[in-house]
Amino acid sequence: AFHMGGSAHLNYSAGGLFIAGGVAGYVRAGSVASLAGGGVLGGVLVAAGAVISQGKDLEGHSLAFAASSLVFAAMSSRFAKTGKVIPAGAAAGVGALTALYNGKKVVDWM
């Protein structure tokens, strides 16, 4: 049975935000990189939420931690170069929050 626990919810939400952001970057600026990056990393976060929902908390949070850390690293670097809050600053912020949350959950489940 599918059940979306609280700890999976953040990853579903963040994944959805990254997918939507990737689509928006493509629609507004023709950015294939935004579409691919948002789609892949958002998809990984959604998949991590599904893994957590199946009761595999350590695996799901580890996957989400890795993906969100990658988003944070890439987008904070881009934000430092461009100074643009949208999209780089916002994506870096969501990546940081998601990485911190999932990192704590990984430690909790170890």
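**Exercise 1. Determine how H2 and H3 cross and how they are oriented.**

Solution. The crossing of H2 and H3 is left-handed, a term used when the near helix is turned anticlockwise from the far one by less than a right angle, with clockwise giving right-handed. The model is predicted, so local features need pLDDT of at least 70 and side-chain atom pairs count only at pLDDT 80 or more, while totals for chains, interfaces and linings use all residues. Residues are numbered from 1 along each chain as its sequence is written, and side-chain values use heavy atoms, with hydrogens and water left out.

Step 1: identify the element. H3 is the helix of residues 57-82; helices are DSSP runs (H or I, at least four residues; strands are E, at least two), numbered from the N terminus.

Step 2: take the geometry. The axes of H2 and H3 are 8 Å apart and the packing angle is about 165°. Axes are lines fitted to C-alpha atoms, for helices over the stretch in contact, and angles run from 0 to 180 degrees between N-to-C directions.

Step 3: classify. H2 is therefore roughly antiparallel to H3 (under 35 degrees is roughly parallel, over 145 roughly antiparallel, 65 to 115 roughly perpendicular, the rest oblique).

**Exercise 2. Describe how H1 packs with H2 and with H4.**

Solution. Step 1: for H1 and H2, the angle is about 165° and the axes are 7 Å apart. This pair is therefore roughly antiparallel, and its crossing is left-handed.

Step 1: for H1 and H4, the axes come within 11 Å and cross at roughly 155°. H1 and H4 are therefore also roughly antiparallel, with H1 passing H4 in a left-handed crossing.

**Exercise 3. Locate the nonpolar surface patch and state which helix gives the largest share.**

Solution. Step 1: list the members. Ile 19, Val 23, Tyr 26, Val 27, Val 32 and Leu 35 make a nonpolar patch of about 510 Å². Patch residues have over 30% relative accessible area and no salt bridge; like charges are joined within 9 Å, nonpolar side chains (Val, Leu, Ile, Met, Phe, Trp, Tyr) within 5 Å. Accessible areas come from the Shrake-Rupley method with a 1.4 Å probe, and for residues only the protein chains shown count as cover.

Step 1: assign the elements. Helices H1 (6-29) and H2 (32-53) each give two or more residues, and H1 has the largest share, with four.

Step 2: check one member. Tyr 26 lies in H1 and, at 40% relative accessibility, counts as partly exposed (buried is under 20%, exposed over 50%, partly exposed in between; 1.4 Å probe, protein chains only).

Step 3: Gly 6, in H1, is exposed at 61%; its C-alpha is 31 Å from that of Tyr 26, at 20 residues apart in sequence. His 9, also in H1, is partly exposed at 41%.

**Exercise 4. Find the salt bridge and the cis peptide bond.**

Solution. Step 1: the structure holds one salt bridge, defined as a side-chain nitrogen of Lys or Arg within 4 Å of a carboxyl oxygen of Asp or Glu. Lys 104 pairs with Asp 108, the closest N and O atoms being 2.8 Å apart.

Step 1: both residues lie in H4 (residues 85-109), four residues apart, about one turn of the helix. Asp 108 is partly exposed, at 43% relative accessibility.

Step 2: a cis peptide bond joins Ile 86 and Pro 87, with omega about 10°. Pro 87 lies in H4.
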